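Me: Hi! I have a structure open and would like to talk through it with you. Could you take a look?

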Amino acid sequence: MYSSEELKKLKQKEFEKREKRLENSIPQKLKYQKELKKDKLHITYVMTWTGVCGGTKIILEHANRLTERGHKITLISHDAKPTWFPIKPNVEFIEVPWSEVLCKSIPKCDLIVATYWREIYECIEQKIAPVIYFEQGDFHLFDMQALEERTYKYIKKQLENVQFVYTVSSFAKEKIKTIYNKDSKVIPNAVDKKIFYHNKNKRKHKNTYITIIGAQQSEFKHINDILEAIKILRKEGYRINLNWITPVKPEKTRLKAIINPPQIEIANSLRKSDIYVCASMYESFCLPVLEAMTCGAAVITTNNGGNADFVKDYENALNIQKENINDICEKIKLLINNTKLRNKIAKNGIETSKRYSWDKVIDEIEEYYKEVSKYKVCKD
């Protein structure tokens, strides 16, 4: 087991090696063979990390659901196999020691999916199968001030080497094109309706139940703005029960939080909630908002880009201004005091979420993967 300092050094050393090889990189050369058609594929997902986060959750959903359809799925990572999300027994997981090149452990397969920009060219270098880059968004798309010139050039070079890119929203697609001049396909995320669903016989409470999801340490989510708004409302006499779900323990508050709960506990919290609040500056898709809609909570959210494909102000959500605590207060008060509006938004949110089923999304992914698998690597 490595210490945090040892792990940091290993990661930096690995990055420098990749960066050096990238200087002389050659875009992946592929030849389309229309007659090649496989009904069942072997797909390898290369994962940068496996810790608790929305992006990891989506990859694991892909793995489980593609496995259910008869495809062979391999996950490889330097990180350990995740225990916080139930993975199907027949999904293969390969943990690669940090002392070894990650992608050299990719098995012979029909398709490789790089799930973060760091591994794109390393996947291509193996010359095993066509590579797809699955972009779920991060600071490199949405926070250019945090993006150093060196990192920008590194990412741009990575994207120049891969032919196929897909992402989760129109907003992310636009950013990829504007910043890196790369075209991409949009396949949205979806909600697990077996876990997240609306309880028609929802109990009525005297207090207003509000749920928020996000780590205080993730500054772009502006969790502290929501906490401050709720503090103000409580001082004004509003009776609010807060369910704060976070992947890591808060550092700067005495407020009680639910830390790294299983998915069913998150869903249960959303089901009993009257209101869900999101104050993010940006999101690539904003799955928790869609999950909250599915569970019947009335949503208050910023226009953070990633939710633009499914959020409509005063129809299925209320939009709030970014970094505006007073606006958060006013919109919460509006939903508390206007039951008719709150019910309308909740009802329309449930209807909106019906468009985002995993069956439909996996249909799209499966068709896309089968088409790309018709390409064969030119090794010369």
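This is a predicted model: local features need pLDDT of at least 70, side-chain atom pairs count only at pLDDT 80 or more; totals for chains, interfaces and linings use all residues.

Me: Which residues of α10 are buried?
Reply: These are D327, I328, C329, K331, I332, K333, L335 and I336.

Me: And what covers them?
Reply: The cover over the buried residues of α10 includes strands β9 (208-213), β12 (275-278), β13 (298-302) and β14 (318-320). It also includes helices α7 (223-235) and α11 (339-353).

Me: What goes on at the start of α10?
Reply: There, N324 has a side-chain oxygen that comes to within 3.2 Å of the backbone nitrogen of N326.

Me: You mentioned some strands. What order do they come in within their sheet?
Reply: That open sheet has six strands, in the order β11-β10-β9-β12-β13-β14, with parallel pairing. Its edge strands are β11 (258-259) and β14, each of which pairs on one side only.

Me: How many bridges are there between β9 and β12?
Reply: Two, in the parallel sense. In one of the pairings, T211 has Y276 of β12 as its bridge partner.

Me: I've also clicked on L270. Buried or exposed?
Reply: L270 is buried, because its relative accessible area is 0%, and the cut-off for buried is under 20%. This residue is found in helix α8 (residues 263-271).

Me: What does L270 touch?
Reply: Not counting residues up to four places away in sequence, L270 touches F196, T211, Y276, E291, A292, C295 and A297.

Me: New topic: aromatics. How many pairs are there in the whole structure?
Reply: A search finds 18 aromatic pairs. One of them is Y32 with Y375, a tilted pair at 4.8 Å centre to centre and 50° between the planes. Y32 lies in strand β1 (residues 30-32) and Y375 in strand β15 (residues 375-377), so this pair ties together parts that are 343 residues apart in sequence.

Me: Is Y32 buried, exposed or something in between, and what is its relative accessible area?
Reply: Y32 is partly exposed, at 34%.

Me: What about Y166 and Y369, what kind of pair is that?
Reply: Their ring centres are 6.1 Å apart and their planes are at 75°, so the pair is edge-to-face; the angle for that has to be over 60 degrees. The pair also links distant parts of the chain, with Y166 in strand β7 (residues 164-167) and Y369 in helix α12 (residues 358-372), 203 residues apart. Both Y166 and Y369 are buried.

Me: Which residues are in the cluster with Y166?
Reply: The aromatic cluster is made up of Y45, F134, Y166, Y368 and Y369. F134 also has Y166 as its bridge partner in β7. On the other pairing, Y166 stands opposite K185 in β8.

Me: Oh, K185! Where does its charged end sit?
Reply: Over the ring of Y368, 5.7 Å from its centre. Another case is R118, with its charged end over the ring of W117, 5.4 Å from the centre.

Me: Back to β7. Which way do its side chains point?
Reply: F164 and Y166 point one way, V165 and T167 the other, and all of them are buried.

Me: Which sheet is β7 in?
Reply: β7 belongs to an open sheet of seven strands, in the order β4-β3-β2-β5-β6-β7-β8, with parallel pairing. The edges are β4 (92-95) and β8 (185-186). β7 pairs with β6 over four bridges and with β8 over two.

Me: Last one: what is I120 in contact with?
Reply: Leaving aside neighbours within four places in sequence, I120 contacts A114, V131, Y133, Q158, L159 and V162. I120 lies in helix α3 (residues 120-125) and is buried, with a relative accessible area of 0%. Its C-alpha is separated from that of V131 by 7.7 Å, and V131 is in turn the bridge partner of I112 in β6.

How values were computed
Residues are numbered from 1 along each chain as its sequence is written. Side-chain values use heavy atoms; hydrogens and water are left out. Buried means under 20% relative accessible area, exposed over 50%, partly exposed in between (1.4 Å probe, protein chains only). Contact means heavy atoms within 4.5 Å. A polar contact is a pair of N or O atoms within 3.5 Å; within protein, one must be able to donate a hydrogen and the other to accept it, and residues adjacent in sequence count only if both atoms are side-chain atoms. Rings of Phe, Tyr and Trp (its six-membered ring) pair if their centres lie within 6.5 Å; planes under 30 degrees apart count as stacked, over 60 as edge-to-face and the rest as tilted. A charge sits over a ring if NZ of Lys or CZ of Arg is within 6 Å of the ring centre and within 35 degrees of the ring normal. Two strands pair if DSSP finds at least two bridges between them.
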